[in-house]
Amino acid sequence: MKQFTSDELRKTWKQFYIDRGHTDCGAVSLVSDGSTGVMFNVAGMQPLMPYLLGKKHPKGTRLCNVQGCVRTNDIDSVGDASHVTFFEMMGSWSLGDYFKEERCKWSYELLTEVFGFDADHLAATVFAGDENAPRDEEGAQFRIASGFKKENVFYLPAEDNWWGLEYGPCGPDSEMFYIDDRPACGPDCGPGCSCGKYTELGNDVFMQYEKHQDGHLTPLAQKNVDTGWGLERILAFLNGSRDVYRIDLFAPAIAWIEEASGIKYGTDEKKTRSMRILADHIRTSVMLIGDEAKLVPSNTGAGYILRRLIRRAIRHARTLKMKREDVIKLASIYIDRVYSGSYPLLVKNRTFVLDELSREIERFEATLENGMREFRKILEETRTAGKKEIGGADAFFLYDTYGFPMELTAELAAEEGLTTDEAGFAKAMEEQKKKAREGSSFSAKLTVGADVYDHVEGSCVFEGYDTLTCGARILAIADGEAVRDTLQEGQEGSIVAERTPFYGTMGGQTGDIGRITSADGSAVFEVRDTVHVSGGKIAHIGVMKQGSMKSGDTVELAVDPANRAAICANHSATHLMQKALREVLGDHVEQAGSYQDAERTRFDFSHPQALTPDEIARVEAIVNEKIGEDLAVVTRVMSLEEAKKTGAMALFGEKYADEVRVVDMGGYSIELCGGTHVSSTGRIGRFKILSESGVAAGVRRIEAITGDRVYAWYEGRDRLLTEAAGLLRSTPDTLAAAIRKLQEELKGAKSENESLRARQARDAMGDAQSRIKEVKGVKLLAMQIPGADMNGLRELCDEWKQKLGKGVVVLFSEADGKVNLAVMVTDDAIKEGVHAGNLIKQIAPMVGGGGGGRPNMAQAGGKNPAGIDEAIAACEGILAAQLGA
């Protein structure tokens with residue numbers, strides 16, 4: 001066998017296929033566009049799905065590449081010597097070109113002539129056949145003809161030799177193996193055996209079928225070949241190792257973990273597993289955040305998987321005694337040393353990647369600190385009760401209160417030899433969702449089912465880019481549940497016409513409103529919303545205000561011009577705002593969601609932190625500057641490829657047609673967009689940002705208004721300012737000074753009030769000396785202080801701790817039906833076994849609460865003031881128990 005570096009292996013793979021008429025088609029984002037039902041690109045063939053189904057690829061019928069992939073379905077196996085969550089798949093494809101004969105021949109050449117494998121040590125498997133597809137005799141024959149020994153070609157069932165995603169192209173596959181010199185483990189030893197004699201090298205998939213969403217198979221229009229070899233595993237094997245974490249892609253990372261942790265890789269099985277998990281998960285996280293999708297941790301979808309990877313990595317870093325800075329350094333090693341040449345986008349996004357990682361680690365460290373304390377408490381209670389399972393309600397409590405993911409609870413429990421009631425967790429989660437749904441208020445009475453018009457022939461042509469009115473014939477009428485013949489005065493329903501100027505809600509822009517009028521003017525349907533329904537139809541939802549209408553009627557459709565103009569202004573302003581945000585904050589800003597109606601625009605975008613007042617002001621100023629320049633807004637229809645050449649911004653993950661609309665605002669903002677817009681930016685009038693907030697980790701939201709609503713907003717602010725000034729007997733010009741004066745007066749009053757409360761609390765302790773008891777040589781002061789808040793209790797505890805010498809101070813207070821409780825212990829009492837946190841855990845339930853703390857200080861709250869006397873009385877016995885015999 002020949003040895004390679006990772007760079008050499010990538011280049012060798014691609015050159016082998018280029019020499020055989022293939023074209024390097026390049027790699028795509030790690031985050032899937034969703035068309036194959038998975039969140040990440042899990043195989044090199046996944047982005048090629050449309051072309052495997054028959055669409056012509058612009059680069060031809062023979063392709064090759066090295067594609068980054070992410071798979072987390074076997075995340076629990078990561079930590080051994082072979083499993084990883086991010087990997088590079090070296091691939092080659094025939095799209096209706098060559099098939100099994102050429103594929104088997106080239107795979108054998110690659111193995112023997114390029115990689116230097118001995119033919120006697122090579123084996124292959126083929127599909128054995130089942131009730132869905134026949135035995136792959138042809139594949140076996142071509143394997144043998146290419147050079148594989150007949151006795152080394154094995155037939156295996158579908159679970160071993162059938163390939164496909166949830167739906168799409170699929171077919172029999174043929175895997176290639178290296179045969180070790182070790183003896184067979186038994187008579188059934190062969191490829192797929194876990195004894196280690198057979199090591200998988202690569203896989204050829206012969207795509208002859210298409211699997212549909214209902215599970216049935218049909219022959220593909222064109223027969224394809226998909227070849228995939230995992231770079232990490234083959235690289236390790238070629239270099240004489242079965243451990244992928246010893247290849248050059250991991251070596252610098254493992255070396256740093258060894259240095260930072262002081263632990264030698266491979267010397268301790270449990271520590272080595274943690275080192276592998278840390279190295280793998282941080283590598284995958286760096287790749288996902290630095291990817292063109294710029295994925296950030298969140299609580300849903302792919303962002304949740306990323307969050308889980310980071311948090312799992314941090315937990316294992318902590319077991320290795322590594323700090324946050326050590327983990328960030330590990331991430332930088334992947335960017336600066338390992339992948340700087342092969343993944344230049346990581347270098348470009350370096351700051352963004354490391355900042356996002358650091359923020360997520362900081363968030364998780366706070367979560368972990370709080371959640372681990374509660375987990376240990378639940379663990380102790382579970383064991384005390386003699387149970388072997390963490391309850392679903394407890395797991396949900398950790399998730400709901402401390403942000404502890406279910407997977408983390410299950411993993412921690414497993415390490416302690418316990419299981420977790422995942423069904424109970426799911427039930428608790430559903431109950432919470434049900435309560436949330438029941439607490440919601442919905443008023444969307446006027447709706448239409450998406451499938452109501454399924455059987456109505458014809459489609460609706462949208463003409464609203466060029467006109468706000470048009471005549472048309474009614475294709476169908478529905479009442480929200482079914483198609484009907486007519487709509488009478490006062491009835492609610494929806495109308496579909498053969499053409500319409502009404503824009504249906506799409507791409508964040510809300511649907512138009514307006515009127516549909518009969519040819520003679522006797523019937524009027526008020527359109528209150530417009531939506532897209534199945535079959536390329538646009539439904540106008542509303543109510544018959546006058547007369548009646550029936551299918552086949554000729555009508556006049558008219559969009560409300562003022563409402564459309566306001567929507568257009570808000571939508572166009574959003575384009576300007578996105579460009580301004582990228583100028584002010586950086587190119588990492590990507591649209592994460594948007595909504596425009598006549599009242600406002602709402603724009604969600606990727607950014608790791610809140611905008612400063614200065615950044616908001618700069619964005620606002622840039623947008624208003626472009627409005628003032630009255631830039632021409634030009635919309636052009638062109639091919640998707642042409643649009644990309646113009647530099648037009650596209651929404652990541654969005655599926656676009658072959659022909660797209662490009663909205664160009666004077667060359668300043670160029671975006672792919674199917675919405676409606678103003679004819680020039682001056683028609684927007686004015687732009688004002690009302691709020692900026694966070695909606696998820698790494699996602700910010702801006703709400704803004706335009707045009708006359710900006711002027712109305714300023715008028716309202718002026719009225720409010722005048723009213724506020726009147727309340728403080730000042731003028732708008734002197735209002736700030738009046739507020740500052742009032743703040744100083746309030747500050748003084750607050751200070752005086754706190755001093756008064758402190759004096760009252762001290763007065764209440766006037767007979768404290770007489771309440772001091774001595775328990776086994778340790779003094780105990782336990783009493784109630786009326787009206788003291790928690791700060792006051794802590795101060796008094798501290799004062800009396802100094803006075804007692806060796807002792808314990810336990811103080812209670814009650815206010816508005818709630819109890820505050822504080823405990824402090826002197827250092828010499830701690831040495832004798834006294835623990836404030838353990839003491840408070842026993843007395844807090846007596847006042848209807850819970851709490852905990854350190855050996856020297858603890859505090860708690862409660863809801864049962866009636867239990868204070870019982871708790872005070874119990875302190876002496878608890879202290880005696882802590883001090884022992």
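**Close-up 1. His677 sits in the loop between β27 (669–672) and β28 in this predicted model.** Helices (H or I, at least four residues) and strands (E, at least two) are DSSP runs, numbered from the N terminus. His677 is buried, at 16% relative accessible area. Buried means under 20%, exposed over 50% and partly exposed in between (1.4 Å probe, protein chains only). The side chains of His677 and Ser572 make a polar contact of 2.9 Å. Such a contact is a pair of N or O atoms within 3.5 Å; within protein, one must be able to donate a hydrogen and the other to accept it, and residues adjacent in sequence count only if both atoms are side-chain atoms. Beyond its neighbours within four places in sequence, His677 is in contact (heavy atoms within 4.5 Å) with Cys568, His571, Ser572, His575, Val633, Val663 and Met665.

**Close-up 2. Four strands form an open antiparallel sheet in the order β23-β24-β29-β28.** β23 (591–596) and β28 are the edge strands; each has a single partner, so one side of each lacks a neighbour in the sheet. The twist from one strand to the next averages 15 degrees. Helix α19 (residues 708–727) packs on the sheet and touches β28 and β29. The direction of α19 makes about 90 degrees with that of β29. Axes are lines fitted to C-alpha atoms, for helices over the stretch in contact, and angles run from 0 to 180 degrees between N-to-C directions.

**Close-up 3. Strand β29 (residues 699–706) is mostly covered, with 6 of its 8 residues buried.** Strands pair if DSSP finds at least two bridges between them. Strand β24 (residues 601–606) is joined to β29 by 6 bridges, antiparallel. Strand β28 (residues 687–696) is joined to β29 by 8 bridges, also antiparallel. Arg701 in β29 is the bridge partner of Asp604. Ser693 also stands opposite Arg701.

**Close-up 4. Helices α3 (residues 100–114) and α4 (residues 137–146) cross at roughly 40 degrees, their axes coming within 9 Å.** That makes α3 oblique to α4. Angles under 35 degrees count as roughly parallel, over 145 as roughly antiparallel, 65 to 115 as roughly perpendicular and the rest as oblique. The crossing is right-handed: the near helix is turned clockwise from the far one by less than a right angle. Lys100, Glu101, Cys104, Lys105, Ser107 and Tyr108 in α3 meet Glu138, Gly139, Phe142, Arg143 and Ser146 in α4.

**Notes.** Residues are numbered from 1 along each chain as its sequence is written, and side-chain values use heavy atoms, without hydrogens and water. Local features need pLDDT of at least 70 and side-chain atom pairs count only at pLDDT 80 or more, while totals for chains, interfaces and linings use all residues.
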